[in-house]
Amino acid sequence: MRRIARLRKPSGAPLASIARPLCIQRAATRPSPSPAVQINTVRFYSSRQPETLPASLADSKRAVPEVLEDAVEGTEVQEYDLHPAEPRVFVPPPRPSVAERADTITDNLYTPASTAEGLESIGNLGNWWDDPEHWPETSDFVGFTPKQKVQEPVLIEAAVRRALTEALVVKQLGKDDQLTGHWGMQDRAQHDAVLALGLKVDSDGKATVTGNLQSVAEGLVAKDGEAAVDSAFALPSAAEALAWKQQSDHSWKGASLLEARVKFAVIKRVMQLTGHVVPDQKLAEIATARGLLATLQKPPKPKTFSQEIETKKQDLISLPNVAFSPKRVTRGHKDMALGRFKLIEAEFKKRDLQGGPLSVPKSREMKHWKGDA
Amino acid sequence: MTIRALERVSVGQNGIGSFILQCKRLDIHYCDHSGSSRGMNAFIKTHLSKFAQTHPAIEFAVSPRPRKHPVMIGHYINGRQKSICVANMEPSQILKKAELLRDASGDKVKRVNKPVTSINESVRGVWSPYHGNGMAV
Amino acid sequence: MKRLRLDRLASQLLAAQTSPAARLLRPSTISRSIPQTCRHSSLDYNSQPCQRRHQSTAASPAPVEEEDHVAEVEDGEPTPEDLRNGPLPSPHPSRAASSAKLAALHARLSLSSKIPLETLARALVDPSADAHPKYNNANLAYVGSTPAHGVSSQPPPPGEEVDPGLLQYDPLKPTVVMNKWGYVRANTFESAKYQSGKGLSGRVVYGSNPFGESGPAKSLPDFEVENDRNTKALYLQDAAPNAYANFVRAVVGAVYMHCGRDAAKNFVRSHFLTRTLDLSKLFEFKLPTRELARLCAREDFEAPVARLESETGRASRTPVFVVGIYSGNDKLGEAPGPDLDSALVAASINALKSWYLYSPGQVGVPSDTFTEDAAAWKPAYVDIGEIIS
């Protein structure tokens with residue numbers, strides 16, 4: 001089965017960046033280039049360029065306007081080496097070429113072919129997707145949320161506190177448009193600095209931040225091209241977060257989240273820091289930071305009944321006369337408990353039967369699901 | 001040598017001296033997803049820990065059996081087993097079935113039509129026609 | 001006769017919580033490589049005094065290696081892979097706590113909580129499965145040596161991965177035959193070859209069991225078994241019943257060691273002595289009439305006379321004769337039979353049984369004298385014995 005493209009270009013938003021004019025040559029080989037580029041759409045993709053396109057697939061007809069090509073020829077410097085660390089942009093396959101219609105051909109000598117023999121096949125991608133060159137690791141989608149959700153309640157609490165503080169700082173400094181902007185992940189020092197800011201909440205839930213607001217706000221704005229998720233950023237350990245929690249008082253949890261922009265900023269930031277997405281139906285009922293914490297800190301629901309027993313029914317599992325197995329107990333397990341398995345295995349080995357005693361052919365359906373013939 | 005000793009095995013009478021529960025193991029199988037296991041899953045959640053606690057002499061082996069009806073299998077000291085399918089049953093009904101398996105001896109079900117069965121000899125003895133004064137016909 | 005000093009013999013058995021490090025020390029490969037005769041001497045390297053008489057004090061490479069292992073443990077934390085080559089012959093004692101089977105067995109036998117699961121797990125390891133005396137039930141079974149019948153278990157092939165709640169023995173390996181009640185001489189190959197075992201006295205001397213029976217094994221091949229008292233080979237006819245019996249003895253031994261003598265007596269009484277055994281069905285007579293005549297002569301009774309008490313259907317297909325045996329005016333026995341001869345034989349057997357199978361009532365046992373200020377033990381009267389031999 002042919003793999004399909006894992007991500008689509010946002011429609012009308014081309015991937016090339018006008019900020020990098022030296023890349024025009026690449027951009028030119030891509031379809032429908034447009035000068036209007038939003039940086040924020042770029043950052044969701046790794047921005048490294050592919051090295052070369054297969055010549056056979058480069059659409060020469062719709063290629064570069066001649067003027068542009070000339071301009072490029074003048075700058076023969078291989079500019080990619082200048083940005084080696086820059087991640088490559090994902091490159092979709094080229095547009096398929098289309099044959100000219102017979103009725104539009106003006107050449108008098110043209111005669112339509114009567115058989116398919118000897119004709120060039122056009123219009124498909126061939127095995128473009130099968131080339132591992134077109135699936136570079138770096139071109140994988142980099143999302144806004146981290147791949148692994150943070151599950152420790154203490155870390156979630158620290159993240160909510162940080163998000164709330166940052167949102168309030170931006171608000172207090174009057175930079176309301178930044179509330180919906182892109183914030184960088186920053187480093188541990190910044191994380192600690194934000195948590196060190198004072199947060200006072202009055203009886204109405206109105207919160208004010210005290211401390212060096214300016215420096216926090218400056219560090220907050222993401223630089224151009226900065227990825228939403230920075231692997232270099234390390235969360236504090238659970239023990240560190242616990243120490244922080246014990247020092248701080250809990251009055252900040254009463255901070256109101258009724259203002260829509262602040263609430264959006266906080267939830268967006270928490271999502272970026274922890275990977276937790278607050279479901280839409282819960283959004284309306286969250287009025288304070290405490291409510292947001294309660295939504296986030298709920299342990300994930302067990303997927304199966306077996307998992308539920310394992311996690312919640314310790315009183316049953318811990319009984320000495322109860323043997324619980326979360327997986328099916330097979331013939332092989334019984335043989336192992338009785339000590340027969342090693343004998344059977346030895347006999348299989350003696351007869352040079354490769355599969356072993358537990359080898360059962362996989363179901364035909366499994367093959368179909370995987371798309372095999 | 002006129003006397004020879006014969007080897008015999010003594011007969012145990014459960015409950016005289018010591019009582020040993022005949023049910024030694026109870027396999028409890030459920031399915032994570034199927035609807036017929038809903039009652040069984042609730043039984044495991046609500047009743048089983050108490051039932052297992054009150055019967056430490058029975059080994060409870062709880063394990064899933066995907067895409068199958070829930071079933072309870074009792075294993076007995078005499079080597080036999082007794083299994084009950086508890087598909088679509090309520091937890092209270094399943095508890096009754098578990099008690100049934102616990103109380104069973106593992107033997108085949110026999111018809112009992114005598115009030116008392118005993119391996120001891122009758123205290124009064126068996127009437128003999130050859131003793132006493134006989135009966136005038 | 002010296003009294004057996006069980007407390008000294010079994011002091012090591014009380015250390016039920018065998019430390020895993022000590023477990024790892026066991027040279028499982030060594031025990032296979034050393035010769036049979038010096039097995040005990042090379043493996044009993046523990047600090048506890050061992051009561052077993054060593055068969056051989058021949059130098060073996062094992063002690064040197066043991067020291068190496070000990071040094072390794074003291075230096076740092078060795079991983080299991082460092083210390084052992086290959087799987088253990090029986091489950092590790094630490095797995096006992098997690099076995100549901102074992103916990104259920106413990107509860108089913110109504111054992112005291114003083115007896116740890118590890119001890120019960122050890123009682124389930126037959127010497128044929130694990131030759132190491134610190135990990136099998138030989139010593140426990142020796143402490144609890146008593147006639148018994150198995151309760152429950154399954155016979156798996158032994159190994160490390162086996163559930164510790166199952167009886168572990170190997171039918172193809174030698175095991176230890178416990179001494180049963182009464183004196184039984186170990187039957188050697190030589191004596192089995194040359195003596196035919198005729199006569200009760202001869203069988204008492206040469207018989208391999210209290211019933212005077214000896215002979216070739218029925219189904220399994222014979223195995224040579226090492227025994228402390230008799231270095232010559234013993235017959236081991238059935239490994240399975242022997243393993244079951246060893247387990248039961250080991251449980252009694254464990255009860256004795258952890259809960260004391262009274263608990264052990266209670267355990268034996270409630271589990272074994274309450275079983276029903278009809279003693280009158282344990283005999284087979286060949287010449288009962290002759291025996292009865294000799295008995296009467298010895299006891300100075302009048303010679304026994306058989307009298308026909310009642311009969312019916314003499315000319316029919318199913319006649320019944322009731323024959324009584326009298327000595328003077330005393331009736332010794334009576335039995336019905338389909339003809340005169342068999343009725344006479346049955347009556348004689350009844351007379352003999354009623355003479356021999358008297359019960360002296362409740363008599364004390366020697367262990368009653370173990371309590372404080374107990375009266376001196378007075379043995380019950382045992383009659384003279386057989387008349388014809």
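**Questions on a predicted three-chain model**

Colleague: Which pLDDT do side-chain atom pairs need in order to count?
Modeller: Residues are numbered from 1 along each chain as its sequence is written, while chains are lettered from A and ligands numbered from 1 in the order in which they are written. The model is predicted: totals for chains, interfaces and linings use all residues, local features need pLDDT of at least 70, and side-chain atom pairs count only at pLDDT 80 or more.

Colleague: How many residues does chain C give to its contact with chain B, and how many of the residues on the side of chain B are nonpolar?
Modeller: Residues are in contact if their C-beta atoms, placed from the backbone, lie within 7 Å; by this criterion 28 residues come from chain B and 37 from chain C. On the side of chain B, strand 1 (3–5) and strand 3 each supply at least two residues. Ala, Val, Leu, Ile, Met, Phe, Trp, Tyr, Cys and Pro count as nonpolar, Asp, Glu, Lys and Arg as charged, and the others, Gly among them, as polar. For chain B this gives five charged and six polar residues, so that the two values asked for are 37 from chain C and, on the side of chain B, nonpolar residues numbering 17.

Colleague: Which strands stand at the edges of the five-stranded sheet?
Modeller: This open sheet is ordered 3(A)-3(B)-2(B)-4(B)-5(B), with mixed pairing. Each edge strand pairs on one side only, and the two are strand 3 (322–324) of chain A and strand 5 (81–85) of chain B.

Colleague: Which residue of chain B stands opposite A:A323?
Modeller: Strand 3 of chain A is joined by three bridges to strand 3 (residues 59–64) of chain B, and the two run parallel. Within strand 3 of chain B, the residue opposite A:A323 is B:A61.

Colleague: What percentage of the residues in chain B is buried?
Modeller: Chain B has three helices and five strands, which run β-β-α-α-β-β-β-α from the N terminus on. A residue is buried if 20 or more other C-beta atoms lie within 10 Å of its own, exposed if 12 or fewer, and partly exposed in between, with C-beta atoms placed from the backbone. Of the 137 residues in chain B, the buried share is 26%.

Colleague: Why is helix 7 (residues 100–108) of chain C described as largely enclosed, and which helix is among its cover?
Modeller: Eight of the nine residues of helix 7 of chain C are buried, so this helix is largely enclosed by the rest of the structure. Among the buried residues are C:K101, C:H106 and C:R108. Their cover includes strand 3 of chain A, strand 2 (23–30) and strand 3 of chain B, and, as the helix asked for, helix 8 (117–123) of chain C.

Colleague: Is the crossing of helix 12 of chain C and helix 13 of chain C left-handed or right-handed?
Modeller: The axes of helix 12 (residues 239–259) and helix 13 (residues 261–273) of chain C come within 7 Å and cross at roughly 150 degrees; axes are lines fitted to C-alpha atoms, for helices over the stretch in contact, and angles run from 0 to 180 degrees between N-to-C directions. The two helices are therefore roughly antiparallel, where angles under 35 degrees count as roughly parallel, over 145 as roughly antiparallel, 65 to 115 as roughly perpendicular and the rest as oblique. A crossing is left-handed if the near helix is turned anticlockwise from the far one by less than a right angle, and right-handed if clockwise. The crossing of helix 12 and helix 13 of chain C is right-handed.

Colleague: How are helix 4 and helix 5 of chain A oriented to each other?
Modeller: The axes of helix 4 (residues 153–172) and helix 5 (residues 188–196) of chain A come within 9 Å and cross at roughly 75 degrees. Helix 4 and helix 5 of chain A are therefore roughly perpendicular.

Colleague: Which helix packs on the sheet of strands 2, 3 and 4 of chain C?
Modeller: This open sheet has the order 2-3-4 and antiparallel pairing. Strand 2 and strand 3 (residues 320–327) of chain C pair over eight bridges, with C:L308 opposite C:V323. Touching strand 2, strand 3 and strand 4 of chain C, and directed at about 135 degrees to strand 4, is helix 15 (residues 340–356) of chain C.

Note on methods. Two strands pair if DSSP finds at least two bridges between them. Helices (H or I, at least four residues) and strands (E, at least two) are DSSP runs, numbered from the N terminus. Two residues are in contact if their C-beta atoms, placed from the backbone, lie within 7 Å.
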